[in-house]
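Here is a friendly walk through one protein model. Have the sequence and the 3D view open as you read.

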Amino acid sequence: MADLKVTVIDHPLIQHKLTIMRMKETGTKDFRQLLEEISMLMTYEITRDFPLKDVEIETPMGKCTGKQLAASRKVCVVPILRAGLGLQSGVVNMIPTAKVGHIGLYRDPETLKPVEYYCKMPSDIAERTMLVVDPMLATGGSASAAITMLKEKGAKNLILMCLVAAPEGVQVINEDHPDVPVYVAAVDDHLNDHGYIVPGLGDAGDRIFGTI
């Protein structure tokens with residue numbers, strides 16, 4: 001853990017909500033709502049250092065100088081389908097002007113390698129901060145492949161946001177994309193023989209969409 005380059009956002013509200021999400025008795029409705037809430041809280045922390053610009057405005061009481069996000073920090077949120085959709089709405093709630101791209105990848109059950117089936121991005125990704133989101137960073141293969149795809153399409157500024165990570169997955173991103181910061185709510189113990197995070201929270205996609 002000490003040699004991994006990862007930021008764990010350990011805000012008490014995030015940790016509280018994550019604990020409820022981990023519980024096997026938590027149903028689809030609550031799981032989905034909690035994930036959206038956590039994604040909003042994580043977005044708040046991830047954007048803490050975004051640059052601002054001064055703007056002159058007029059309130060009902062008079063003129064003043066306010067702050068707005070600088071144009072250099074236009075954002076595009078990129079959920080990795082399908083589970084990444086569970087994080088998308090929380091990010092967009094916090095940054096309503098964000099554009100949304102989609103990457104469709106699935107993990108081959110035999111090789112555990114990512115396979116692409118869909119990719120659609122806005123045309124100006126080189127000018128945007130690309131916030132790639134996926135609840136689980138397990139083997140790291142899908143996230144690494146998604147980041148590679150975005151770089152090939154011209155993306156220059158990328159951030160990876162996940163809910164729960166395995167050390168193995170973080171290490172893959174660190175090695176494949178050392179320029180991409182990784183933000184998570186927790187780094188768990190290890191991967192099991194099937195490539196699932198332990199203790200984790202099960203299959204995030206199935207729990208989000210009720211397909212267990």
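This is a predicted model: local features need pLDDT of at least 70, side-chain atom pairs count only at pLDDT 80 or more; totals for chains, interfaces and linings use all residues.

## Helix 1 and what covers it

Let us begin with helix 1, which spans residues 12–22. Its buried residues are Ile-14, Lys-17, Leu-18 and Met-21. These residues lie on the same side of helix 1, because they cover an arc of only 105° around the axis. The general rule behind such a pattern is that an α-helix has 3.6 residues a turn, so residues three or four places apart point the same way.

What lies over those buried residues? The cover includes two helices, helix 2 (28–46) and helix 6 (204–209). It also includes strand 11 (164–165) and strand 13 (186–187).

## Annotated binding sites

In an unreviewed entry, UniProt gives the annotation "binding site" to Ile-197, Gly-202, Asp-203 and Ala-204. Ile-197 sits in strand 15, which covers residues 197–198. With a relative accessible area of 8%, Ile-197 is buried. Beyond its neighbours within four places in sequence, Ile-197 contacts Met-136, Leu-137 and Ala-138, as well as Val-164, Ala-165 and Ala-166. Asp-188, His-190 and Leu-191 are also in contact with Ile-197.

Ala-204 belongs to helix 6. Is Ala-204 buried or exposed? Its relative accessibility is 5%, so Ala-204 counts as buried. If residues up to four places away in sequence are set aside, Ala-204 touches Phe-31, Ala-83, Pro-135 and Met-136.

A further "binding site" feature, again from an unreviewed UniProt entry, includes Arg-82, Arg-107, Asp-134, Pro-135, Met-136 and Asp-203 among its positions.

Arg-82 lies in the loop between strand 4 (74–81) and helix 3 (85–94), and it is partly exposed, with a relative accessible area of 35%. Leaving out its neighbours within four places in sequence, Arg-82 is in contact with Asp-203, Gly-205, Asp-206, Phe-209 and Thr-211.

Pro-199 is located in the loop between strand 15 and helix 6. For background, most peptide bonds are trans.

Pro-122 is in the loop that runs between strand 7 (114–120) and strand 8 (128–133). Although it is a loop residue, Pro-122 is buried, at a relative accessible area of 14%. Not counting residues up to four places away in sequence, Pro-122 touches Cys-76, Lys-99 and Gly-101.

Ser-39, in helix 2, is buried, with a relative accessible area of 0%. Apart from its neighbours within four places in sequence, Ser-39 contacts Leu-87, Gly-90, Val-91 and Met-161.

## A pocket and a cavity

The second largest pocket has a volume of about 160 Å³. Its lining is formed by Thr-43, Tyr-44, Thr-47, Phe-50, Leu-69, Met-94, Ile-95, Pro-96 and Thr-97. Of these lining residues, six are nonpolar, three are polar and none is charged.

How many cavities of 30 Å³ or more does a search of the whole structure find? The search finds one. The largest cavity has a volume of about 30 Å³, and it is lined by Ile-46, Thr-47, Phe-50, Val-75, Ile-95, Thr-129, Leu-131 and Ile-159. This lining divides into six nonpolar residues, two polar and no charged. Thr-47, Phe-50 and Ile-95 line the cavity and also line the second largest pocket.

Technical notes
Residues are numbered from 1 along each chain as its sequence is written. Side-chain values use heavy atoms; hydrogens and water are left out. Buried means under 20% relative accessible area, exposed over 50%, partly exposed in between (1.4 Å probe, protein chains only). Helices (H or I, at least four residues) and strands (E, at least two) are DSSP runs, numbered from the N terminus. The arc is that of the directions from the helix axis to the C-beta atoms. Contact means heavy atoms within 4.5 Å. On a 1 Å grid over the protein atoms alone, a cavity is a set of points where a 1.4 Å probe fits but cannot get out, and a pocket is an open set with protein on both sides within 12 Å along at least five of seven lines; lining residues have an atom within 4 Å of a point. Grid points are joined across faces, edges and corners, and a volume is the space filled by probe spheres set on the points. Ala, Val, Leu, Ile, Met, Phe, Trp, Tyr, Cys and Pro count as nonpolar, Asp, Glu, Lys and Arg as charged, and the others, Gly among them, as polar. UniProt positions are given in the numbering used here, feature names are shortened, and annotations may be inferred rather than shown by experiment.
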